[in-house]
Amino acid sequence: MSDVPLVEMLYHRRDFFEAEYRFRWHAHPFWQLEIALEGRIEVSLESGRQELAAGDFFVIPPQQRHSLAYLGERNEYVSIKYRLGEGHRFSRCGRIDCDEVLARFRSLMVALLPEGEHAPLVRGGALACVLEGALVYMEGNVQPREEQERDRGHSLVDRALRLLEEQPG
């Protein structure tokens, strides 16, 4: 495995918007992970629209034009902006349904993120470990199959939990 970290965290936001709030069309040079926690979020790409329900993940690659619309009465979400480390690739983009493993990653991310927008990161090391684990799990082809079945990214979750225990507060 490479010594180059899988992700470089840029900033994160855990917040909510009331119904009908919209982000205009835009693109940026980094990756974005959106996680719907409550309500409904419509993600529009040039190729079409997809709606996220509570629990869904959505990965937006760099330079992908997109806009977001918040459709529920109250729409709570997590947004994480990051860069992939040199030499790392990620091919899963778009809406990703939340299964039991991703639900654990989501719970850890929510526990690590204070409300509001933050940069530099609070507890960035632990959050980066959890994000790495989620990305490895979503990609699904980083390890040989027998290691995937045994590990499924949980070693990164264990590493994140150890970091949390070592940090004061």
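Guide: What follows goes from the sheet to the rings. The model is predicted. Four strands make up an open sheet, ordered β2-β7-β4-β5, with antiparallel pairing. The edge positions belong to β2 (22-26) and β5 (48-53); each has a single partner strand, so one side of each lacks a neighbour in the sheet. On average, neighbouring strands here are turned by 15° against each other, ignoring direction. The partner of β2 is β7 (residues 66-70), joined to β2 by three bridges and running antiparallel. Within β7, L68 is the bridge partner of F23.

Now the rings. The structure contains twelve aromatic pairs. In one of them, the ring centres of F17 and F23 are 5.6 Å apart and the planes stand at 85°; an angle over 60 degrees counts as edge-to-face, so this pair is edge-to-face. F17 also pairs with Y70: the centres are 4.9 Å apart and the planes at 45°, so that pair is tilted. This second pair links distant parts of the chain, since F17 lies in strand β1 (residues 7-18) and Y70 in strand β7, 53 residues apart.

The accessibilities of these residues are as follows. Y70 is buried, at 1% relative accessible area, and F17 counts as buried at 11%. F23 is partly exposed, at 31%. Ring pairs connect F17, F23 and Y70 with Y21 and Y77 in a cluster.

A charged contact involves another ring: R74 lies over the face of F16, 3.8 Å from the ring centre.

How values were computed. Residues are numbered from 1 along each chain as its sequence is written. This is a predicted model: local features need pLDDT of at least 70, side-chain atom pairs count only at pLDDT 80 or more; totals for chains, interfaces and linings use all residues. Side-chain values use heavy atoms; hydrogens and water are left out. Two strands pair if DSSP finds at least two bridges between them. Helices (H or I, at least four residues) and strands (E, at least two) are DSSP runs, numbered from the N terminus. Axes are lines fitted to C-alpha atoms, for helices over the stretch in contact, and angles run from 0 to 180 degrees between N-to-C directions. Rings of Phe, Tyr and Trp (its six-membered ring) pair if their centres lie within 6.5 Å; planes under 30 degrees apart count as stacked, over 60 as edge-to-face and the rest as tilted. Buried means under 20% relative accessible area, exposed over 50%, partly exposed in between (1.4 Å probe, protein chains only). A charge sits over a ring if NZ of Lys or CZ of Arg is within 6 Å of the ring centre and within 35 degrees of the ring normal.
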